[in-house]
Amino acid sequence: MKKYRVGVVGATGMVGQRFVTLLSGHPWFEIAALAASPRSAGKTYREAVGEKWAFSWPIPQQAADMVVLDAGDVEKVCGLVDFIFCAVDMKKEEIRALEERYARCETPVVSNNSAFRYTPDVPMMIPEINPEHMAVIPAQRKRLGTRVGFVTCKPNCSIQGYVPALSPLRDFGIEKISVCTYQAISGAGKTFATWPEMVDNVIPFIGGEEYKSEVEPLKIWGQVAGGEIVPAAKPVISAQCYRVACTDGHMAAVSVSFAKKPPQEEILARWAAYEGLPQRCGLPSAPKQFLTYFAEDNRPQTRLDRDLEKGMGISIGRLRQDVIFDYKFVSLSHNTLRGAAGGAVETAELLCHEGYIPYK
């Protein structure tokens, strides 16, 4: 098939680097433009990244010698690509303005940023969970005055483990959730080399993370009506979020109550059988088994299980009765793959498959 020409805006940061790695050799996509801040513009990608390259493998050769463009030169970037991934490090209002400029330049934006997550006509998708939210895109295009351009975004990395685990159980009437997340330092764009204070440490606060963890699931579980996404009214979610001393992988300890408590065997059966539209469509980045349950008492473990299904699978374990809630369990997701660049690439694959992103 003809490949889509793709731009990565914010290409020099950690998530941007993940995009570059995932797009190298992708069967549907090819990198046509790399863009970043003015201080990186004009340099080769290798020069712009320099010692900031966050991974043990080398920069993909195709990208290494590409000249980085200025992310603010929207028309130039748009002239080279069919759509962009955006992972810029800017103030929220600046991100909103930049992404909307790209969309109005008739270039779809698949964003890793949070700037548009709470905008009612912007889909915020975990592709296996709420692909029906794509239906709001025509309303957004009408608002923007575009024919092709729009913005879609991925949800916060902290919710990527427990929202997929709970979604197959929603018809039992999820009423209350208490969740504690234990989040890797790469979620802050850091390594132990750049953040030595995190070695042998836990920080019981991540700015804005608890709010996102309590609110974003309700939009994901919401419905499209009247040209916008109407968030679900339930469940009530209480979240605590901790930064912990591991490189990659966000773990969640979840307690949940239902209106109609399901048998434990039914929960396990639903997790084993669950598949979403990406699995049925055979998207390149979609894990074959989206949810995997480990029966061992000491699984999932971050080091052992974060790379499950190339980092796109969700690991679950320790399902058991709870004395205050109905059940409790733990879940694990790879925060820079499923929770960031990988989830965005899978979203773009779905949008292309369903005809929302055309070739220019």
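This briefing describes aromatic ring pairs, charges over rings and a strand sheet in one structure. The model is predicted, so local features are reported at pLDDT of at least 70 and side-chain atom pairs at pLDDT 80 or more, while totals for chains, interfaces and linings use all residues. Residues are numbered from 1 along each chain as its sequence is written, and side-chain values use heavy atoms, with hydrogens and water left out.

**Aromatic rings**

- Rings of Phe, Tyr and Trp (the six-membered ring of Trp) are paired if their centres lie within 6.5 Å, and a pair is called stacked with planes under 30 degrees apart, edge-to-face over 60 and tilted for the rest; by this rule there are 16 aromatic pairs.
- Tyr-4 and Phe-83 make an edge-to-face pair, because their ring centres are 6.3 Å apart and their planes stand at 70°.
- This pair joins distant parts of the chain, with Tyr-4 in strand 1 (residues 4-9) and Phe-83 in strand 4 (residues 83-86), 79 residues apart; strands here are DSSP runs of E with at least two residues, helices are runs of H or I with at least four, and both are numbered from the N terminus.
- Tyr-4 is buried at a relative accessible area of 6%, and Phe-83 is buried at 0%, where buried means under 20%, exposed over 50% and partly exposed in between, with a 1.4 Å probe and protein chains only.
- Phe-55 and Trp-57 form a stacked pair, 4.8 Å centre to centre with 5° between the planes; Phe-55 is buried at 15% relative accessibility, whereas Trp-57 is partly exposed at 33%.
- A cluster linked by ring pairs takes in Tyr-4, Phe-19, Trp-28, Phe-29, Phe-83, Phe-85 and Tyr-359.

**Charges over rings**

- A charge sits over a ring if NZ of Lys or CZ of Arg is within 6 Å of the ring centre and within 35 degrees of the ring normal.
- The charged end of Lys-176 sits over the ring of Phe-325, 5.7 Å from the ring centre, and that of Lys-261 sits over the ring of Tyr-327 at 5.0 Å.

- Seven strands form an open sheet of mixed pairing in the order 8-11-7-12-15-14-13, where two strands pair if DSSP finds at least two bridges between them.
- Strand 8 (202-203) and strand 13 (291-294) each have a single partner strand, so one side of each lacks a neighbour in the sheet.
- Strand 7 (residues 174-183) pairs with strand 11 (residues 236-244) in the parallel sense over eight bridges, and Tyr-182 has Tyr-242 of strand 11 as its bridge partner.
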